[in-house]
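Please brief me on this protein model.

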Amino acid sequence: GDFGAAHVFVAAETTTVIDWDSCRAADPAEDGGRFIASLWHLAARGCITRDDAAAAARRFRDAYAAVRPQLAARLPFYAALACLRKAARLARHGERQQHQAEALLTAGQAEIGGAL
């Protein structure tokens, strides 16, 4: 229930996903959407560029669609939802994180509009 880029560990010959603290039965596309939103949050924080986030999100969507085509159509909804939830949490922190909240709102709108 809280999957994000921080739960992906990449080594020389393997990639491992660890996400057990909030696991529950749910739509698998929800975790995919949260992962995409976590990429946008990294960009909002200045950890990666917006272009890098967009490229990584595209690669993830393409790989997800190849493996789970019936679920891939729901990724934009869940990515937008996760972006909006993160933006709401950040907005509560006041002006200090306002620019991050605004960037996530923009990313959420673009996700749901298919502009990314």
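A crossing is left-handed if the near helix is turned anticlockwise from the far one by less than a right angle, and right-handed if clockwise. This is a predicted model, so local features need pLDDT of at least 70 and side-chain atom pairs count only at pLDDT 80 or more, while totals for chains, interfaces and linings use all residues. Residues are numbered from 1 along each chain as its sequence is written, and side-chain values use heavy atoms, with hydrogens and water left out.

**Overall layout**

- The chain has 5 helices and 2 strands. Helices (H or I, at least four residues) and strands (E, at least two) are DSSP runs, numbered from the N terminus.
- Along the sequence, the pattern is β-β-α-α-α-α-α.
- Of the 116 residues in the chain, 39% are buried. Buried means under 20% relative accessible area, exposed over 50%, and partly exposed in between, with a 1.4 Å probe and protein chains only.
- Take the contacts between residues at least 6 apart in sequence: 56% of them join residues at least 24 apart. Contact means heavy atoms within 4.5 Å.

**The core**

- The largest nonpolar core has 25 residues. Such a core is a set of buried Ala, Val, Leu, Ile, Met, Phe, Trp, Tyr and Cys residues joined through side-chain atoms within 4.5 Å.
- Ile36, Trp40 and Tyr64 touch the most other members of this core.
- At least two core residues come from each of helix 1 (28-44), helix 2 (50-67), helix 3 (69-72), helix 4 (75-91) and helix 5 (98-113).
- Leaving aside residues up to four places away in sequence, Ile36 touches Ala57, Phe60, Arg61, Leu75, Ala79 and Glu111.

**Helix 1 with helix 4**

- The two axes come within 7 Å and cross at roughly 50°. Axes are lines fitted to C-alpha atoms, for helices over the stretch in contact, and angles run from 0 to 180 degrees between N-to-C directions.
- Helix 1 and helix 4 are therefore oblique to each other. Angles under 35 degrees count as roughly parallel, over 145 as roughly antiparallel, 65 to 115 as roughly perpendicular, and the rest as oblique.
- Their crossing is right-handed.
- Residues in this contact include Ile36 and Trp40 of helix 1, and Leu75 and Ala79 of helix 4.
- The contact of helix 1 with helix 4 divides into 10 nonpolar, 4 polar and 4 charged residues. Ala, Val, Leu, Ile, Met, Phe, Trp, Tyr, Cys and Pro count as nonpolar, Asp, Glu, Lys and Arg as charged, and the others, Gly among them, as polar.

**Helix 1 with helix 5**

- These axes come within 9 Å and cross at roughly 140°. That makes helix 1 oblique to helix 5.
- Helix 1 passes helix 5 in a right-handed crossing.
- Ile36, Ala37, Trp40, His41 and Ala44 of helix 1 meet His99, Gln100, Ala103, Leu104, Ala107 and Glu111 of helix 5.
- By class, that contact has 7 nonpolar, 3 polar and 1 charged.

**Helix 4 with helix 5**

- The axes come within 8 Å and cross at roughly 165°. Helix 4 and helix 5 are therefore roughly antiparallel.
- The crossing of helix 4 and helix 5 is left-handed.
- Among the residues in contact are Ala79 and Leu90 of helix 4, and Leu104 and Glu111 of helix 5.
- The contact of helix 4 with helix 5 has 14 nonpolar, 3 polar and 2 charged residues.

**A closer look at Ala54**

- Ala54 lies in helix 2. Ala54 counts as buried because its relative accessibility is 14%.
- Ala54 and Ala107 are 53 residues apart along the chain, and their C-alpha atoms are separated by 9.7 Å.
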